[in-house]
Amino acid sequence: MTRLPAAILDDAALIRVLDALEADGARAWLVGGVVRNALLGEPVSDIDIATDALPETVVALAQAAGLRAVPTGIDHGTVTLVAEGRGFEVTTFRRDVETDGRHAVVAFSTDLAEDAARRDFTINALYADRSGRVLDPVGGLPDLAARRLRFVGDPDARIREDYLRILRFFRFFAQYGHEAQPQALEACARLRDGLARIAPERTGAEIRKLLAAPAPGASVALMARTGVLDVILPGANSKRLDALVATERAEAEAPAWLRRLAALFPGDPTAALRLSRHESRHLARLREAARLRWSLDEAGYRLRAPEALDHALLHHADALPPDWRARLDRAQASPLPIKAADLPGLSGPALGQALRAAEGAWIVSGFSLPAPALVDAAMNADLNPKETP
């Protein structure tokens with residue numbers, strides 16, 4: 001019999017929640033990610049709980065035990081119980097009544113098997129009682145042992161219920177999979193146009209998590225093979241991502257999903273993934289640096305530190321010197337030692353051009369030219385270049 005590690009269950013807050021839920025004869029099981037990750041020996045972030053108690057009963061049981069109950073998704077059966085300052089999502093067993101490819105109308109159930117049948121992947125349909133005994137109604141344990149990602153039941157049916165599951169498939173494969181269910185890949189390819197129904201922010205959330213995985217290359221390659229990648233990011237290049245991941249490993253740099261997105265997709269993904277303003281600007285600066293082919297010194301001087309590091313890994317991987325990090329740091333800490341006041345008689349565009357000439361000389365010198373030489377470089381620059389005929 002498979003059991004969870006005892007440490008997962010030796011949690012005072014979790015025990016309070018389980019005690020509350022089971023105080024009047026209802027049952028409660030840990031479900032999904034907590035069971036999956038605990039069995040894999042990977043970190044557990046959130047603990048979700050499934051119960052045969054109706055949502056209003058969950059609220060009443062929590063209040064009777066002195067716990068705060070927050071109806072975070074009560075129409076769909078989810079109540080968040082707060083114990084010891086931590087939130088535990090408690091969801092009543094459900095079965096789907098109607099789905100439209102993104103949202104579902106559900107009915108509550110008292111049957112664990114019905115609840116498992118509506119879940120996405122077998123490795124996410126594992127349950128454990130408070131003793132740690134694992135229940136496996138859909139054959140998830142062998143899949144977990146093999147790191148095999150498989151839909152619960154018919155892949156087409158699961159995807160048609162919620163097209164976001166296509167992206168979740170590739171995200172979970174990047175995080176946990178070594179083997180992908182062939183029928184699942186065929187279904188993802190066949191139904192990929194349904195991704196048009198998914199809001200960009202939901203697409204972006206899945207891509208963030210996928211690219212943050214330690215080694216997302218195999219999953220992204222499958223996305224390309226099934227045509228899913230071209231639906232999300234037309235023109236994306238999975239080979240550039242593989243090259244970047246290899247560089248990150250060689251240079252012992254931690255994964256950064258935004259850097260990996262820059263490698264994967266040379267265009268502007270802001271609208272497709274609903275990126276934040278900060279993320280969009282970061283990528284725009286990287287595109288500019290790539291277009292202008294900035295050296296390490298120039299990138300370090302002109303970009304913020306995270307952008308400069310990303311540019312180095314993306315565009316100087318074949319020629320990174322041993323001291324490349326120190327060079328970026330030195331460039332960051334080397335502002336131009338002259339100012340506009342040091343260039344008498346210049347103003348407007350001519351002044352800006354002179355200062356840019358001084359910056360160029362400063363960068364090329366490795367940030368070593370003395371101020372008088374920089375003034376000379378600025379004053380002797382061609383401030384009125386002739387137009388090319």
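Analyst: A charge sits over a ring if NZ of Lys or CZ of Arg is within 6 Å of the ring centre and within 35 degrees of the ring normal. Here the charged end of Arg 302 sits over the ring of Trp 294, at 6.0 Å from its centre. This is a predicted model, in which local features need pLDDT of at least 70 and side-chain atom pairs count only at pLDDT 80 or more, while totals for chains, interfaces and linings use all residues. Residues are numbered from 1 along each chain as its sequence is written, and side-chain values use heavy atoms, with hydrogens and water left out.

User: How many aromatic pairs does the structure hold?

Analyst: Rings of Phe, Tyr and Trp (its six-membered ring) pair if their centres lie within 6.5 Å; planes under 30 degrees apart count as stacked, over 60 as edge-to-face and the rest as tilted. The structure holds nine such pairs. One of them is stacked: Tyr 301 and Phe 367, 6.1 Å centre to centre with 25 degrees between the planes. The two residues are 66 apart in the chain, with Tyr 301 in helix α17 (residues 296–302) and Phe 367 in the loop between α20 (348–364) and α21 (371–379). Helices (H or I, at least four residues) and strands (E, at least two) are DSSP runs, numbered from the N terminus.

User: Is Phe 367 buried or exposed?

Analyst: Buried means under 20% relative accessible area, exposed over 50%, and partly exposed in between (1.4 Å probe, protein chains only). Phe 367 is buried because its relative accessible area is 10%.

User: Which residues form one aromatic cluster?

Analyst: Phe 121, Phe 151, Phe 169, Phe 170, Phe 172 and Tyr 176.

User: Which way do the residues of strand β1 point?

Analyst: In a regular strand the side chains alternate between the two faces of the sheet. In β1 (residues 28–31), Ala 28 and Leu 30 point one way, Trp 29 and Val 31 the other way, and all are buried.

User: Which strand do four bridges join to β1?

Analyst: Two strands pair if DSSP finds at least two bridges between them. Four bridges join β1 to β2 (residues 48–51), and the two run antiparallel; Val 31 has Asp 48 as its bridge partner in β2. Strand β8 (residues 127–128) is also antiparallel to β1, joined by two bridges, and there Leu 30 is partnered by Ala 128.

User: What is the phi of Arg 293?

Analyst: Positive, about 55 degrees, although Arg 293 is not a glycine. Arg 293 lies in the loop between α16 (277–291) and α17 and is exposed, with a relative accessible area of 74%. Phe 367 has a positive phi too, about 65 degrees, and is not a glycine either.
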